[in-house]
Amino acid sequence: MLPNTIHPGEFLQEILDDRGITQSQLALHIGVEPGVINLICRGKRGITASMAKKLARALSTDAELWSNLQTSFDLT
């Protein structure tokens, strides 16, 4: 496995941009404050297991994707 050199928040922002979803829309959809999503997208906050589950449900991905991205980033 190659090391992940970008914060998973950067990847999240790319997904949001590709889908035309704002950070605020995602936050409202998953029931968190918009600032939480903003901090993640700016690389200032990590993705917890709980957040990974929320992102997976909202974006039709797997929680493991988000957890693995965060773990890979943390290990670099």
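Gln 70 is buried in the predicted model, at 8% relative accessibility, where buried means under 20% relative accessible area, exposed over 50% and partly exposed in between, computed with a 1.4 Å probe on protein chains only. The structure is a predicted model, in which local features need pLDDT of at least 70 and side-chain atom pairs count only at pLDDT 80 or more, whereas totals for chains, interfaces and linings use all residues. Residues are numbered from 1 along each chain as its sequence is written, and side-chain values use heavy atoms, with hydrogens and water left out.

Gln 70 belongs to helix α5, helices being DSSP runs of H or I with at least four residues and strands runs of E with at least two, numbered from the N terminus. When neighbours within four places in sequence are set aside, the contacts of Gln 70 are His 7, Pro 8, Gly 46 and Ile 47, contact meaning heavy atoms within 4.5 Å. Leu 69, also placed in helix α5, is buried with a relative accessible area of 18%. Between the C-alpha atoms of Leu 69 and Gly 20 the distance in space is 22 Å, for a separation of 49 residues in sequence.

Two packed helices are described by the angle between their axes and the distance between the axes. For helix α1 (residues 8-19) and helix α5 (residues 63-75), the axes come within 9 Å and cross at roughly 140°; axes are lines fitted to C-alpha atoms, for helices over the stretch in contact, and angles run from 0 to 180 degrees between N-to-C directions. Helix α1 is therefore oblique to helix α5, since angles under 35 degrees count as roughly parallel, over 145 as roughly antiparallel, 65 to 115 as roughly perpendicular and the rest as oblique. On the α1 side the contact is made by Pro 8, Phe 11, Leu 12 and Ile 15, and on the α5 side by Leu 65, Trp 66, Leu 69, Gln 70 and Phe 73. By residue class, the contact of α1 with α5 comprises eight nonpolar residues, one polar and no charged, with Ala, Val, Leu, Ile, Met, Phe, Trp, Tyr, Cys and Pro counted as nonpolar, Asp, Glu, Lys and Arg as charged, and the others, Gly among them, as polar.

The aromatic residues were examined next. Rings of Phe, Tyr and Trp (its six-membered ring) pair if their centres lie within 6.5 Å, and planes under 30 degrees apart count as stacked, over 60 as edge-to-face and the rest as tilted; by this rule the count comes to one aromatic pair. The pair, formed by Phe 11 and Trp 66, is tilted, with 5.7 Å centre to centre and 45° between the planes. Distant parts of the chain are linked by this pair, Phe 11 in helix α1 and Trp 66 in helix α5 being 55 residues apart. Phe 11 is partly exposed at a relative accessible area of 27%, whereas Trp 66 is buried at 0% relative accessibility. Not counting residues up to four places away in sequence, Phe 11 touches Ile 6, Leu 65, Trp 66 and Leu 69. Leu 65, in helix α5, is partly exposed, with a relative accessible area of 32%.

In soluble globular proteins, nonpolar side chains tend to be buried together. The largest nonpolar core has 18 residues, of which Leu 12, Leu 26, Ile 37, Met 51, Leu 55, Leu 59 and Trp 66 touch the most other members; a nonpolar core is a set of buried Ala, Val, Leu, Ile, Met, Phe, Trp, Tyr and Cys residues joined through side-chain atoms within 4.5 Å. Two or more residues of this core come from each of α1, α2 (23-30), α3 (34-41), α4 (49-59) and α5. Leu 55, its neighbours within four places in sequence left aside, is in contact with Leu 12, Leu 26, Ile 30, Ile 47, Ser 60, Thr 61 and Trp 66.

Ser 60 is located in the loop between α4 and α5 and is exposed, with a relative accessible area of 69%. Most residues other than glycine have a negative phi. Ser 60, although not a glycine, has a positive phi of about 55°.
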